[in-house]
Amino acid sequence: MTLLGERLRTDQVRTIPARTPQTRTDQVRAGRPRSNQADAAPQTALPAALVAISHGTSSADGQAAIAALVDAVALARPDLGVTGGFVDVQQPDVAASLGALRPKRAAVVVPLLLSAGYHVHVDLQRESRVPGRVTTVSRALGPDDRLIDVLEHRLAAAGFTAQPGREVVLAAAGSSDTRAVEDCRRIGEMLAQRLGVRVTVGFLSAASPRLACAVTEARLRSDSVTVSTYLMAPGFFFDLTRAQSAGAESVTAPLLVPGEPAPAPLVDLVVDRYLEAKAHAGLF
């Protein structure tokens, strides 16, 4: 089976320049009656802003990797006034990120989170309720085939090839929310279907089996075990992944790597989550 290392060519990855001011001209809302005031300014309409909210991390590498993804989304869609924020650890928080937008501009909050747990269902719903501003929250990024594309690419970069007898353990953060756990298990099933090998999900917290146990059990069945890191970026959980992967031949990098362009499938996924939520909420 051909891995994504052959499919994810250089021209599929967007280069990320430094952030630049938004220059798109405001669109005039069509069909609005003219004001009775001769000198009234024309009415304008801006599309709902895309506010990308990640978990937050104290890791400088993790911060750089997430910032690169937000910048890549802004480059792909400069008309959306893309901005970033955090649900924990870092600033600006959700309220501050929304407050920095133009007054009364609608916003779609896109969680840069791989599964829909407490942060998506509770924290972001609560914190995005800002008086005087229409907001909606999109689905989490996963499950989605584009995440499998990036996981497959990371496996190829780590030297993994899909052959009989080889196993993969998918390292996921874990959650006390069963919906988030099921999202991760679904990704494991999708990765197994893509690779044609056995994939077991191992969790770093709150759910079982724990990663260390999943790796040990896989080693009892196979002489070749690779840990596929299902985390957005480097940080505490990636350090824990490497520490709990004793016995595995290799551990892949997270989906985002500092110093590398953000993978095009991730950029497209963030934009699609925005478009889906905006359409569902009936926003311009």
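Helices (H or I, at least four residues) and strands (E, at least two) are taken here as DSSP runs, numbered from the N terminus. The model is a predicted one, in which local features need pLDDT of at least 70 and side-chain atom pairs count only at pLDDT 80 or more, while totals for chains, interfaces and linings use all residues. Residues are numbered from 1 along each chain as its sequence is written, and side-chain values use heavy atoms, with hydrogens and water left out.

On that basis, the chain contains eight helices and 10 strands. Of its 284 residues, 49% count as buried, where buried means under 20% relative accessible area, exposed means over 50%, and partly exposed is in between (1.4 Å probe, protein chains only).

In the loop between strand 4 (83-86) and helix 2 (94-99) sits Pro 92, which is joined to Gln 91 by a cis peptide bond with omega of about 5 degrees. Val 89 belongs to the loop between strand 4 and helix 2 as well; its phi is positive, near 70 degrees, though it is a residue other than glycine. Val 89 counts as exposed because its relative accessibility is 52%. The loop between strand 8 (198-203) and helix 6 (211-221) holds Pro 209, and a cis peptide bond links Ser 208 to Pro 209, again with omega of about 5 degrees. Ala 206 is found in the loop between strand 8 and helix 6 too, with a positive phi of about 70 degrees although it is not a glycine. For background, most residues other than glycine have a negative phi, and most peptide bonds are trans.

Helix 4 (residues 145-157) runs for 13 residues and spans 19 Å from its first C-alpha to its last, close to the 18 Å expected at 1.5 Å a residue (the expected span being 1.5 Å times one less than the number of residues). Its buried residues include Leu 147, Ile 148, Val 150, Leu 151 and Leu 155, and also Asp 149, Glu 152, His 153 and Arg 154. Among the elements covering them are strand 7 (166-172), helix 5, strand 9 (224-230) and helix 8 (264-281). After helix 4 comes Gly 159, with a positive phi near 90 degrees.

Ser 138 counts as buried because its relative accessible area is 4%. Leaving aside residues up to four places away in sequence, Ser 138 touches Val 108, Val 109, Val 110, Pro 111, Val 120, Arg 273 and Ala 277.

As for cysteines, there are zero disulfides in the structure, a disulfide being a pair of cysteine sulfur atoms within 2.5 Å. Cys 184 is buried at 5% relative accessible area, whereas Cys 213 counts as partly exposed at 45%.

How values were computed: Contact means heavy atoms within 4.5 Å.
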